[in-house]
Amino acid sequence: MSNVSINQQGSQMTISISGRFDFNILQEFRDSYSSLAGSDSQFAVDLAETEYIDSSALGMLLNMKNHLGSEDCTIEIRNCQPNLMKIFTITHFDKKFKFV
């Protein structure tokens, strides 16, 4: 079963992660957005069903941001559980990504 699912509606692309967001889904996560670099799509990562993240997940999010282009690229992180938000705040990811 896949931990990464993609939903695209118009120019809005949402990548949902279920279970563990860790090194084991690196390639699957990268494949979900890699063909869309330079497009005018808006991106969101939905963590509603994410139970756990580790440092490799933080790296994957940074790589996604770098791959998609400029500093102007906004990636929304949606439905972040409080225990995960604590990690994002400690690592200052709340300054790099938009949380909704």
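**Sheet, core and aromatic pairs in a predicted model**

Student: Which residue of β5 stands opposite E76?

Tutor: The model here is a predicted one. β4 and β5 pair in the parallel sense, over two bridges. In β5, the bridge partner of I77 is F99. The residue of β5 that stands opposite E76 is K98.

Student: In what order do the strands of the open sheet stand?

Tutor: β2 and β3 pair in the parallel sense over nine bridges, and β3 pairs with β4 in the parallel sense over four bridges. β1 (residues 4-9) pairs with β2 in the antiparallel sense over six bridges. The open sheet has five strands and mixed pairing, and its order is β1-β2-β3-β4-β5.

Student: Which strands stand at the edges of this sheet?

Tutor: An edge strand here has a single partner strand, so one of its sides is left without a neighbour in the sheet. The strands in that position are β1 and β5.

Student: Is S18 buried or exposed?

Tutor: S18 is found in strand β2, where eight of the 10 residues are buried, so the strand is largely enclosed by the rest of the structure. Not counting residues up to four places away in sequence, S18 touches S2, N3 and E49. The cut-off for buried is under 20% relative accessible area. At 18% relative accessibility, S18 counts as buried.

Student: Which element gives the most residues to the largest nonpolar core?

Tutor: That core has 25 residues, and those that touch the most other members are I17, F21, F29, V45, L61, M64 and F88. Two or more residues come from each of β2 (12-21), α1 (26-33), β3 (42-53), α2 (55-68), β4 (75-78) and α3 (82-90). With six residues, the element that gives the most is α2.

Student: Which residue is the bridge partner of I15 in β3?

Tutor: The partner touches I15, I17, F29, L61, M64, I75, E76, I77 and R78, not counting residues up to four places away in sequence. Elsewhere, F43 stands opposite I75 in β4. In β3, the bridge partner of I15 is V45.

Student: How far apart are the end C-alpha atoms of α2?

Tutor: α2 has 14 residues, and at 1.5 Å a residue these should span 20 Å. The expected span is taken over one less than the number of residues.

Student: Which elements are included in what covers the buried residues of α2?

Tutor: The buried residues of α2 are S56, A57, L58, M60, L61, M64, K65 and L68. Just after α2, G69 takes a positive phi of about 130°. What covers the buried residues of α2 includes β2, α1, β3, β4 and α3.

Student: Are the rings of F88 and F99 stacked, edge-to-face or tilted?

Tutor: The count of aromatic pairs comes to five. For F88 and F99, the ring centres are 5.1 Å apart and the planes stand at 55°. Planes under 30 degrees apart count as stacked and over 60 as edge-to-face. The angle falls into the remaining class, so the pair is tilted.

Student: How many residues apart in sequence are the parts that the pair of F88 and F99 ties together?

Tutor: F88 is buried, with a relative accessible area of 1%, whereas F99 is partly exposed, at 23%. F88 lies in helix α3 and F99 in strand β5 (residues 98-99), so the parts tied together are apart in sequence by 11 residues.

Student: Which residues form one aromatic cluster?

Tutor: The rings of F93 and F97 have centres 5.6 Å apart and planes at 10°, so this pair is stacked. F93 and F97 are buried. The residues that form one cluster are F88, F93, F97 and F99.

Student: Which residue lies over the face of F97?

Tutor: R20 lies over the face of Y52, at 4.0 Å from the ring centre. For F97, the distance from the ring centre is 5.7 Å, and the cut-off is within 6 Å. The residue that lies over the face of F97 is K65.

Definitions and conventions. Residues numbered from 1 in each chain as written. Predicted model: local features only at pLDDT ≥ 70, side-chain atom pairs only at ≥ 80, totals over all residues. Heavy atoms only, no water. Core = buried A, V, L, I, M, F, W, Y, C linked by side-chain atoms within 4.5 Å. Buried < 20%, exposed > 50% of the residue type's maximum accessible area, 1.4 Å probe, protein only. Contact = heavy atoms within 4.5 Å. Phe/Tyr/Trp six-rings, centres within 6.5 Å; stacked < 30°, edge-to-face > 60°. Lys NZ or Arg CZ within 6 Å of the ring centre and 35° of its normal. Pairing = 2+ DSSP bridges.
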